[in-house]
Amino acid sequence: MGKKFIVIIVNHCNANDTIECLQTLFKQSYTHFSVIVVDNSPSNKDLDLIINWANGKMEFLDTQFPHLTGSINRINIPFNSYFDDVIESLDQNKKLSLLKTENRGFAAANNIAIKYIESNNFEFDNLWFLNNDTVVTPDALFKINQFLLQNSDNDIIGTSLMEYDKPDEIQSVASGFDTTFFRTKSFKDLKKVGSNYQLYPNGASFILSNSFLKAVKGLNESYFLYFEELDLVKKGKKEGFKINYLIDKIVYHKGGGSTGKNSAFADYHYLKSRLMAVREHYSSKLPLLVIFTFFVYPFNRVLRGQYNLSLIHI
């Protein structure tokens, strides 16, 4: 029997990417799923655009994957909406839920969706946390379902990512945290992972089982951005849960759509979250990381001419 999935997508000031992602999700051959979009943008502009799409009123979609998105949706997709703690016409048979919240970070936005699921007793076997700057193939959920049915180590599943702009190129199979020099790295080949790396799923696409979610009780909201997945893996391993990776061409990822690539905003939260992750899971190495963060890394940024980013460390 097939698994029941709920897909969670967070939108922050990037409705066009979210709509492109939704367009591919609602082309799935596997239909035992629903989608929750959490919008934490500062205004209702993005949410209005997504509602227009769901109501079949969008005229044009800019995409490099017309073969995945198909023609722009012209069929109304019934949806539940949740604004200002008021649920309008909740119906579990509706495949889409739109939630509006303030911006308290990526983990908090996902937890809003989890609380919505739990408070309304939605049935599910797995949650698929999917970045809004992705598109997926029509057989993505079918392949994920088959992988889960065929593998016993499926409490945490990371999917590989393909480059959006170079569809034949692997972007990442998994992420790794270097516990010696405190760097993160994307791995395209798991056979080349050194013993000093702790592997964890790509944050743009990972799946959690219902039992895992009950054990860890959602994402740690102390992490505004970055390292939520490492935190989940470390906590999950303490509870005896297993991690696995589905390597297939099912998810195409842009990257930096909401935060901006190499932006000061992203850099600040990366550094802050890394300090928190090391303090919680590798506490004996925290003094060394402090030296790296406030002395070694800023000096390296200056040498590379990244003067503005070097000031973030100070």
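## Contacts and overall fold

Among contacts in the protein chain that span a separation of 6 or more, 74% join residues 24 or more positions apart. The structure is a predicted model. Its secondary structure consists of 10 helices and 16 strands.

## Burial and surface

The protein chain has 314 residues, and 54% of them count as buried. Its accessible surface amounts to about 14600 Å². Carbon and sulfur atoms contribute 52% of that surface.

## Salt bridges in general

Side chains of opposite charge can pair when their charged atoms come close. In this model, the count of salt bridges comes to 10.

## A buried pair between two strands

Asp39 and Lys100 form a salt bridge through their side chains, with an N to O distance of 2.8 Å. Asp39 belongs to strand S2 (residues 33-39) and Lys100 to strand S5 (residues 96-100), so this pair ties together parts that are 61 residues apart in sequence. Asp39 is buried, and Lys100 is buried as well.

## A pair linking a loop and a helix

A further salt bridge joins the side chains of Asp248 and Lys143, at 3.2 Å from N to O. This pair links distant parts of the chain, 105 residues apart. Asp248 sits in the loop between strand S15 (243-246) and strand S16 (251-253), while Lys143 is located in helix H5 (residues 140-150).

Asp248 is partly exposed, with a relative accessible area of 25%, and Lys143 is partly exposed at 26%.

Arg104, at 33% relative accessibility, counts as partly exposed.

## A network of three residues

Salt bridges can also be traced through a group of residues. Asp17, Glu20 and Lys254 are linked in a network of this kind.

Technical notes
Residues are numbered from 1 along each chain as its sequence is written. This is a predicted model: local features need pLDDT of at least 70, side-chain atom pairs count only at pLDDT 80 or more; totals for chains, interfaces and linings use all residues. Side-chain values use heavy atoms; hydrogens and water are left out. Helices (H or I, at least four residues) and strands (E, at least two) are DSSP runs, numbered from the N terminus. Buried means under 20% relative accessible area, exposed over 50%, partly exposed in between (1.4 Å probe, protein chains only). Contact means heavy atoms within 4.5 Å. Accessible areas come from the Shrake-Rupley method with a 1.4 Å probe; for residues, only the protein chains shown count as cover. A salt bridge is a side-chain nitrogen of Lys or Arg within 4 Å of a carboxyl oxygen of Asp or Glu.
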